[in-house]
Amino acid sequence: RGGLLMRILSLRFENLNSLYGGWLIDFKAPQYLASGMFAITGPTGAGKSTILDAICLALYGKTPRLDTITTTSNEIMSRGCHQCLAQVVFETDSGRYRCLWSQRRARKSANGNLLNAEHELVDDTTGSVVQSGKRAVAQAIEELTGLDFERFTRSMLLAQGQFAAFLQADADQRSPILEQITGTKIYSDISMMVHRLRGEETKRLEHL
């Protein structure tokens with residue numbers, strides 16, 4: 001599997017919900033790196049959740065608030081627009097990648113029929129296409145980061161009102177998520193190995 005730790009480097013999106021036009025957030029900018037922590041704030045309706053939606057859309061082709069986007073329904077595209085997109089550049093231990101999701105309307109018309117959404121994962125260093133298509137890209141993201149859509153939304157988007165769901169999850173659900181976030185799976189592996197070795201040595205002692 002690829003790297004277990006994922007770092008989002010930049011987010012670009014266009015015409016999502018109330019945020020019309022093109023937007024770019026460069027998380028490598030000095031103001032984001034200075035303290036290592038920042039907050040997304042603003043009044044209700046300002047577009048805070050749309051930023052989180054855009055990240056999910058770019059990576060998995062869906063959002064916690066909008067599970068299905070088809071050629072008959074796209075509620076996340078800004079009203080009166082003929083196209084929308086979301087792109088995330090991220091890195092893991094295995095490399096740096098660019099993931100782009102987009103959908104357009106026919107004839108570049110706000111009233112045109114919705115066309116099939118496009119989803120593509122690219123190696124940001126070489127420019128080569130790693131995967132294309134919703135299912136293939138989502139699977140590749142899971143392999144690269146160790147996080148499927150459910151784990152990603154539970155661990156990375158807790159600020160979107162899902163913190164209670166995370167706390168209420170049973171230990172078997174929480175444990176792997178926390179291991180993915182903190183990179184501490186090695187300690188579980190060590191614990192299992194110690195338990196196995198103890199059992200083997202106990203049997204040897206009983207035999208003696």
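Student: In this predicted model, what lies 2.8 Å from the backbone nitrogen of leucine 66?
Tutor: A polar atom of the side chain of threonine 63 lies at that distance from the backbone nitrogen of leucine 66, and the side chain of threonine 63 also has a polar atom 3.2 Å from the backbone nitrogen of arginine 65.

Student: Where does threonine 63 lie, and is it buried or exposed?
Tutor: Threonine 63 belongs to the loop that runs between helix H2 (48-60) and strand E3 (83-92); because its relative accessible area is 1%, under the 20% cut-off, threonine 63 counts as buried.

Student: Which residues does it touch, leaving out those up to four places away in sequence?
Tutor: With those set aside, threonine 63 touches Asp53, Cys56 and Leu57, together with Ile76 and Phe149. Asp53, Cys56 and Leu57 are also among the buried residues of H2.

Student: How many residues of H2 are buried?
Tutor: Eleven of its 13 residues are buried, so H2 is largely enclosed by the rest of the structure. From first C-alpha to last, H2 reaches 19 Å, which is close to the expected 18 Å.

Student: What follows H2?
Tutor: Glycine 61 follows H2, and its phi is positive, near 75°.

Student: Switching to the whole protein chain, how many helices and strands are there?
Tutor: The protein chain has seven helices and six strands, and along the sequence they are arranged as β-β-α-α-β-β-β-β-α-α-α-α-α.

Student: And what share of its residues count as buried?
Tutor: Of its 208 residues, 37% count as buried, while the protein chain exposes about 12,600 Å², with carbon and sulfur atoms supplying 52% of that area.

Conventions: Residues are numbered from 1 along each chain as its sequence is written. This is a predicted model: local features need pLDDT of at least 70, side-chain atom pairs count only at pLDDT 80 or more; totals for chains, interfaces and linings use all residues. Side-chain values use heavy atoms; hydrogens and water are left out. Helices (H or I, at least four residues) and strands (E, at least two) are DSSP runs, numbered from the N terminus. Buried means under 20% relative accessible area, exposed over 50%, partly exposed in between (1.4 Å probe, protein chains only). A polar contact is a pair of N or O atoms within 3.5 Å; within protein, one must be able to donate a hydrogen and the other to accept it, and residues adjacent in sequence count only if both atoms are side-chain atoms. Contact means heavy atoms within 4.5 Å. The expected span of a helix is 1.5 Å times one less than its number of residues. Accessible areas come from the Shrake-Rupley method with a 1.4 Å probe; for residues, only the protein chains shown count as cover.
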